[in-house]
Amino acid sequence: MDQVYAIELYSNPTPWSEKIFHKIIESRSLSFVIKLEDRVIGFCMANRVLDECHLQNITVAKEYRRQGLGEFMMDILIKRMRLADLNSVLLEVRKSNHVAQSFYEKLDFERLSERKDYYKTDNGKENAIIMHRIL
Ligand SMILES: CC(C)(COP(=O)(O)OP(=O)(O)OC[C@H]1O[C@@H](n2cnc3c(N)ncnc32)[C@H](O)[C@@H]1OP(=O)(O)O)[C@@H](O)C(=O)NCCC(=O)NCCS
């Protein structure tokens, strides 16, 4: 968890508390980490909400980005979803996070809607884009 949290701190403009990570892990979780030897280089936090997977957070350590690891983690999540009999995945992403939106679009996610003032920023609030994929 210390290693996951270290990646979260520099990756998320308003990092989650460790308590949130623990809550997700404890609640019908499909979460996992990717390790290279003993080092965590990526994590995926997701859980089951009713008959759907809610992808809460997917992050790759800075120096390993753009090498296919995010896509690899999404493949693992989809395998886990199939094992759990889930066939749709929902997520929220910051409107300003164009990299993540490109990533999800490449992986066949579609924009469903926009949720106003969903995220905190340093100087106010920011909308979320809701994205969805049916397997
Ligand atoms: C989003 C994130 C997880 C993607 O992981 P990644 O390992 O770098 O992504 P991949 O290498 O698997 O890239 C897959 C595709 O996503 C898109 N993509 C990834 N990074 C991109 C970038 N910087 N700019 C544009 N498109 C990008 C591309 O289509 C890419 O395919 P390509 O390399 O064949 O062009 C990573 O950038 C990250 O950790 N960002 C910070 C945390 C974050 O914002 N998470 C999402 C929260 S909702």
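Me: As I understand it, two strands count as paired if DSSP finds at least two bridges between them. In which sense do β2 and β3 pair here?

Reply: Strand β2 (residues 39-49) and strand β3 (residues 52-60) are antiparallel, with eight bridges. Strands (E, at least two residues) and helices (H or I, at least four) are DSSP runs, numbered from the N terminus. The model is predicted, so local features need pLDDT of at least 70 and side-chain atom pairs pLDDT 80 or more, whereas totals for chains, interfaces and linings use all residues. Residue numbers start from 1 along each chain as its sequence is written.

Me: Which residue in β3 is the bridge partner of Ala 46?

Reply: That partner is Leu 55. The hairpin of β2 and β3 has two residues between the strands, and Leu 50 there takes a positive phi near 55°.

Me: And in which sense does β3 pair with β4?

Reply: β3 and β4 (residues 88-94) are parallel, over three bridges. In β4, Leu 90 is the bridge partner of His 54. With helix α3 (residues 69-83), the two strands make a right-handed β-α-β unit: with the strands pointing away from the viewer, the path from the first strand over the helix to the second runs clockwise.

Me: Changing topic, which residues come nearest to the ligand?

Reply: Of the 19 residues around the ligand, these are Arg 65, Gly 70, Glu 71, Ser 102 and Lys 106. A residue is near if its C-beta atom, placed from the backbone, lies within 6 Å.

Me: Which element gives the most to that shell?

Reply: α4 does, with five residues. β3, α3 and α4 (98-106) each supply at least two.
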